[in-house]
Amino acid sequence: MMSAMQVETKLPKVGTTIFTVMSQLAAEHGAVNLGQGFPDFDGPQALRDALTRAMNAGHNQYAPMTGIAALRSAIANKTARMYGHRPDVDQEITVTSGATEALFAAIAAVVRPGDEVIVLDPCYDSYDPAIALSGGRAVHVPLDARDFSPDWQRIRDAITPKTRMIMFNTPHNPCGSVWSADAIGTLAELVRDTQILVLSDEVYEHIIFDGAEHQSVLRHAELAARSFVISSFGKTYHCTGWKVGYCIAPRALSAEFRKVHQYLTFSTFTPAQWALAEIIEQAPEHYLELPAFYQDRRDHFRALMAGSKFQLRPVAGAYFQVVDYSALSDSDDLVFCEWLARVGGVAAIPLSAFYESPPPGQRLVRLCFAKSEALLAQAAERLCAL
Ligand SMILES: Cc1ncc(COP(=O)(O)O)c(C=O)c1O
């Protein structure tokens, strides 16, 4: 008998993601799913109509490698208007198949074997494997557990001659925290006179609350000159399944980024690029009104949860509510989430899933409020009954 082929894994730490595990549990137990981090509603009708029109107009072959000019130009205009920085349409903007592709391409473009990349925990789960596949080492530095802000002393201590890049995310998944202008300034000071690059994951750039302005790295000329800035239309236009994102980076970084993107996907779903170009230019009110849209949902959900035993952490941006369940249970967060899906009837994500080593005794889970009012009401009713 032939023995099965064995292959030594390149990613020993990677298994089935917690998102899949929790969604399966939710389905088995009829739990309301606040675990999945995406909306259960559609993007603007005008966008969907534009997509259909683009397909019927014959925009169905490969797009240019860097993205169609109309979309890159719409991105440049939006970026100039929002952040006072106008990236060069031809040299500095690359359209990608979601932010995930952009993250991978940026990392693969600059990280070499032996390089260290500082990531701030909790962090999005694609960072670490992308760094590992490039032969680099992710150096996980926890955010300040009190308010999920950067812990500058620990970040400073983590920098070594091997540090190639620092990555961060604002507004933040899963914590809902946002970086202040001061934090951006501190980062600039920290990397000044070094060769350290910056990767700023800004996929929730338009989901920020209470009148705050998103502190894009692109507002800071000195940092913008050494940064990859990544965004996702999936978050902004409620169409995560379209997988269209982009990377803005100075010429030299974009050139290296494109060498990877060219052989990773080459180009991105053409009709969606035409549709997005059209809506960004013709209906800027969509992204300008997004803060109010999600702030209403945040406030509504928090009001519904006010009578529960969960302690609600502040949410300054993105569409996640972190809750402390220590008044309900002393189990670790994975055990608690399994119980919550089975017995409590609500699926959530344990915060430990976003850490290399979760702080001991932390009792936090993430709930996604990018859901219909009816679903949020049903979830809150169940959570308040615990
Ligand atoms: C922080 C963060 N970065 C990147 C992504 C990936 O975005 P995309 O769906 O466009 O690949 C997500 C998606 O949830 C995210 O939360």
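Predicted model: local features only at pLDDT ≥ 70, side-chain atom pairs only at ≥ 80, totals over all residues.
Which helix does Lys 259 lie in? Helix H10.

Now set Lys 259 against His 140. In sequence the two are 119 residues apart. In space they are 28 Å apart, C-alpha to C-alpha.

Stay on H10, which covers residues 251-264. Is Ser 254 buried or exposed? Buried, with a relative accessible area of 1%. The cut-off for buried is under 20%. What does its side chain meet? A polar atom of that side chain lies 2.7 Å from the backbone oxygen of Ala 249. Leave aside neighbours within four places in sequence, and Ser 254 is in contact with Gln 91, Glu 92 and Ala 249.

Next, the ligand. How many residues surround the ligand? The count is 13. The closest are Thr 100, Asp 201, Ser 232, Lys 235 and Lys 243. Here are some polar distances. Thr 100 places a polar side-chain atom 2.5 Å from a ligand oxygen. For Ser 232, an N or O atom in the side chain is 2.7 Å from an oxygen atom of the ligand. For Asn 173, the corresponding distance from a side-chain N or O atom to a ligand oxygen is 2.8 Å. How much of the ligand's accessible area does the protein cover? On its own, the ligand has 400 Å² of accessible area, and the protein covers 94% of that.

Where does it sit? In the loop between helix H9 (233-236) and strand E8 (245-248). Lys 243 is partly exposed, at a relative accessible area of 40%.

Ala 318 also has a positive phi, about 65°, and is not a glycine. Ala 318 is in the loop between strand E9 (311-312) and strand E10 (320-324). Its relative accessibility is 0%, so Ala 318 counts as buried.

On to backbone geometry of another kind: cis peptide bonds. Asp 121 and Pro 122 are joined by one, with omega about 5°. Pro 122 belongs to the loop between strand E3 (116-121) and helix H5 (127-133). The peptide bond from Thr 170 to Pro 171 is cis as well, with omega near -20°. Pro 171 is placed in the loop between strand E5 (163-169) and helix H7 (181-191).

H1 runs over residues 18-29, which makes 12 residues. From first C-alpha to last, H1 reaches 16 Å, close to the 16 Å expected at 1.5 Å a residue. Which residues of H1 are buried? Ile 18, Met 22, Ser 23, Leu 25 and Ala 26. Look down the axis of H1: those buried residues fall within an arc of 160°, so they line one face of the helix. The face turned away from the buried side carries Ala 27 and Glu 28, both exposed. The buried residues of H1 pack against E1, H14, E11 and strand E12 (349-350). After H1 comes Gly 30, with a positive phi near 60°.

H15 spans residues 373-384, again 12 residues. At 1.5 Å a residue, H15 should span 16 Å; the end C-alpha atoms are 16 Å apart, which agrees. Its buried residues are Leu 376, Ala 379, Ala 380 and Leu 383. Down the axis of H15, they fall within an arc of 100°, so the buried residues line one face. On the other side of H15, Ala 374 and Glu 381 are exposed. What covers the buried residues of H15? The cover includes strand E1 (32-33), helix H13 (290-305), helix H14 (333-344), strand E11 (346-347) and strand E13 (364-368).

E1, H14 and E11 pack against the buried residues of H1. E1, H14 and E11 are also among the elements covering the buried residues of H15.

That is the tour. Questions, please.

Note on methods: Residues numbered from 1 in each chain as written. Heavy atoms only, no water. Helix = DSSP H or I, 4+ residues; strand = E, 2+ residues; numbered from the N terminus. Expected span 1.5 Å × (residues − 1). Buried < 20%, exposed > 50% of the residue type's maximum accessible area, 1.4 Å probe, protein only. Arc of directions from axis to C-beta. Contact = heavy atoms within 4.5 Å. Near = heavy atom within 4 Å. Polar contact = N/O pair within 3.5 Å; in protein donor to acceptor, adjacent residues only side chain to side chain. Areas by Shrake-Rupley, 256 points an atom, 1.4 Å probe, with all protein chains shown as cover.
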